[in-house]
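Hello,

Here is the structure I promised to pass on. Please open it beside this email and follow along.

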Amino acid sequence: KFEHEKRFENFEEANKIYEKVKNEAFGIISDIEESVYSLNPLPPFDTTDLQEEAYNVYGFKPEYTLEIAEKLYLKGYISYPRSGSQKLKNINPLPILSALMQLNEYKDYIEEILKQGIKITEGKKDDPAHPAIIPTNEIPKYLEDDEKKLYDLIVRRFLVCLSDKALRKSIKIKVNVGEIEFLNTFHFTIKDGWLKIYRKFLDLEETKIENIKRFQKVKILKIKLDKEKTK
């Protein structure tokens, strides 16, 4: 999918472009720009981050997230949930990782973290009284469904902050249709890193574009003139 580089303010201006290209059957790739960029691991949760992420992922209201987190804390499964810190402070992650190895869904991730060597990513926010919200080395024997969801979110975020960065590739392609230029930028992952652990919570584009070159002819399937209100 390619779009004109300009978003037109009025229909008449857009329609002039549409009239010029509507009968074209082919376009020509005029330019390709490739770049590789890194995505650094996310820091561990403080209370606000946890509430925001639980709302984005599960639709949990902030007070409900805190209610569940306090239950997990009282059962000994996570650290204190009312924290303004994104730092592990003096906590040694190794005993926690060793305990979490008992849970099959995290075992492969932990083995990879230990193999590559632990790299701790922390955020700027700090709380003198408490560390970030992380799992403990007490493994849950039974959790209610929503407790399980929040625990999984906290564990994965903890594993993420100990993982390698991810590498992504972007490919910006320009296509000339007649004299009019259309473009799009496609993104895909070339090294998973921490994304492997946290991907299920992310909405990441993975459009792998291969075997393309400048001046290549591309077939046009459809040309649309979209009219939308400002969102």
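**What was found**

Start with the second largest pocket. About 200 Å³ of space lies in it. Keep in mind that this is a predicted model.

**The second largest pocket**

Its lining includes Leu103, Glu105, Tyr106, Pro140 and Lys141. Tyr142, Leu143, Lys148 and Tyr151 line it too, as do Asp152, Arg156 and Lys200. Two helices, α5 (104-116) and α6 (145-160), each supply at least two of the lining residues. Helix α6 gives the most, with four residues. By type, the lining has six nonpolar residues, six charged ones and no polar ones.

**The largest pocket**

How much space lies in the largest pocket? The value is about 1400 Å³. This pocket has 36 lining residues, and Phe2, Glu3, His4, Lys224 and Asp226 lie nearest its centre. Several elements give two or more residues to the lining: β1 (3-4), α1 (11-21), β3 (166-177), β4 (180-191) and β5 (217-219). Helix α1 gives the most to this lining, with five residues. Sorted by type, the lining of the largest pocket has 20 nonpolar, three polar and 13 charged residues.

**The sheet**

Now look at the strands. Five of them form an open sheet, in the order β1-β4-β3-β2-β5, with antiparallel pairing. Which strands stand at the edges? They are β1 and β5. Each has a single partner strand, so one side of each is left without a neighbour in the sheet.

Strand β2 (residues 26-39) runs antiparallel to β3, and eleven bridges join them. Valine 36 stands opposite lysine 169 in β3. Aspartate 31 stands opposite lysine 174 in β3.

On to the next pair of strands. Eleven bridges also link β3 with β4, again in the antiparallel sense. Here serine 170 faces histidine 187 in β4 as its opposite residue. The two strands β3 and β4 form a hairpin, with two residues between them. In the turn, glycine 178 has a positive phi of about 65°.

**A serine in β2**

Find serine 30, which sits in strand β2. Is this serine buried or exposed? Serine 30 is buried, because its relative accessible area is 16% and the cut-off for buried is under 20%. Beyond its neighbours within four places in sequence, serine 30 is in contact with Lys174, Val175, Asn176, Glu181 and Arg214.

**The nonpolar cores**

In soluble globular proteins, nonpolar side chains tend to be buried together. Look for that here. The largest nonpolar core has 40 residues. Within this core, Leu100, Leu150, Tyr151, Phe158 and Leu159 touch the most other members. Helices α2 (47-58), α3 (62-74), α4 (93-100), α5, α6 and α7 (195-198) each give two or more residues to the core. Helix α6 gives the most, with eight residues.

Take leucine 150 as an example. Setting aside its neighbours within four places in sequence, leucine 150 is in contact with Leu50, Ala54, Tyr58, Thr65, Ile68, Ala69 and Leu72.

Another core lies apart from the largest one.

**Two links to trace**

Best wishes

Definitions and conventions:
Residues numbered from 1 in each chain as written. Predicted model: local features only at pLDDT ≥ 70, side-chain atom pairs only at ≥ 80, totals over all residues. Heavy atoms only, no water. 1 Å grid on protein atoms, 1.4 Å probe; cavity = no way out; pocket = protein on both sides within 12 Å on 5 of 7 lines; lining within 4 Å. Points joined across faces, edges and corners; volume = space filled by probe spheres on them. Nonpolar A, V, L, I, M, F, W, Y, C, P; charged D, E, K, R; others polar. Pairing = 2+ DSSP bridges. Core = buried A, V, L, I, M, F, W, Y, C linked by side-chain atoms within 4.5 Å. Buried < 20%, exposed > 50% of the residue type's maximum accessible area, 1.4 Å probe, protein only. Contact = heavy atoms within 4.5 Å.
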